[in-house]
Amino acid sequence: MLLHKPTFESITPDFGNSFTYQRFDEHHINDNSLWHYHPEIELVYVNGGTGRRQVGSNLSYYTWGTLILVGSNLPHCGFTDELTGNKSETVIHMKADYLGDTFFNLPEMASIKRLLQVAQRGIVFSGETKKRVGAMMEEMEDQSDFNRLITQITVLNELATTKEFRILNADGFSLLSDVKDNNRINEVFNYVKTHFKEEIPLEEMANITNLTIPSFCRYFKKITHKTFTQFVNEYRLVHASRLLAEQPMSITQVCYESGFNNFSHFNKKFKAFTGQNPSEYRKELKTVLE
């Protein structure tokens, strides 16, 4: 899948509802895997499976499902596809003011208001919070409209008060308002997604963005809060994580299939990225691959 400039997605709740609730499974597949954005805040629970997350400039790989909150206009890809192997996926979309202009200004809503502000950077939840909140989201499918709304607010409160979370993007990353800059950064993302297994010279990226090399480096760091080399390496490491979990390859093969041309360098970067060397990571996933 190519990563073009993010597509605007129009989301409209059903008549009589203030937010949208969707449940996907093997019989009702979520085919929205494109790089996209929307003004609605998105809460997604993937029940089981393994896959890739790309939210803003953050790349990561999840196992045993994921629970993720994506803020308004924060570009992201879909989190499941035909290879994910998840049981189901529950997706909630809500506008920032879906309960009225002043509801979240109530003192009782202060923690949820902060949560939705932090969601502008993307948040992934883990541990018991993922299991508990995921189950609550799935139960909403059979609830009345009123009870579904109450559960949805309760879910937000659970997320607002947990410590089992990780923020995905540095402060300040968001969809760019300048159309020219927005096209530029997404041309870069698109190129990396297509060519990450190859050497990517800075000269090529400077040409794509119509900037000098020093200007491109400053521009990319300003937008993503990462160097271009760091971003490319992270993309390769996420790909390596998936290969280690899913493919019957040796670790050496994974190294070269992920765009690294030096095995010791790959081991060092992988451990810095995941906290484990590749063999430890594979063992922990309990994947028997020869």
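Where is Phe103 found?

1. Phe103 sits in the loop between β8 (88-94) and α1; helices here are DSSP runs of H or I with at least four residues, strands are E runs of at least two, and both are numbered from the N terminus. A quick word on the model: it is predicted, so local features need pLDDT of at least 70 and side-chain atom pairs count only at pLDDT 80 or more, while totals for chains, interfaces and linings use all residues. Residues are numbered from 1 along each chain as its sequence is written, and side-chain values use heavy atoms, with hydrogens and water left out.

2. Back to Phe103: with 24% relative accessibility it counts as partly exposed (buried is under 20% relative accessible area, exposed over 50%, partly exposed in between, using a 1.4 Å probe and protein chains only). Leaving aside residues up to four places away in sequence, Phe103 touches Met109 and Ile153, where contact means heavy atoms within 4.5 Å.

3. Have a look at α1 and α3 next. The axes of α1 (residues 110-118) and α3 (residues 145-161) come within 9 Å and cross at roughly 75°, which makes α1 roughly perpendicular to α3. Axes are lines fitted to C-alpha atoms, for helices over the stretch in contact, with angles from 0 to 180 degrees between N-to-C directions; 65 to 115 degrees counts as roughly perpendicular. On the α1 side the contact uses Ser111, Ile112, Leu115 and Leu116, and on the α3 side Ile153, Leu156, Asn157, Leu159 and Ala160.

4. Asn73 has a positive phi of about 60° although it is not a glycine; it lies in the loop between β7 (66-70) and β8 and is partly exposed at 28% relative accessible area. Asn210 also has a positive phi, near 60°. Its place is the loop between α5 (202-209) and α6 (213-224), and at 68% relative accessibility Asn210 counts as exposed.

5. Now the rings. The structure holds 13 aromatic pairs (Phe, Tyr and Trp rings, the six-membered one for Trp, with centres within 6.5 Å; planes under 30 degrees apart are stacked, over 60 edge-to-face, the rest tilted). One of them is Phe220 with Phe228, edge-to-face at 5.4 Å centre to centre and 85° between the planes. Both Phe220 and Phe228 are buried. Ring pairs also link Phe189, Phe216, Phe220, Phe228 and Phe231 into a cluster.

Terms used. Angles under 35 degrees count as roughly parallel, over 145 as roughly antiparallel, 65 to 115 as roughly perpendicular and the rest as oblique.
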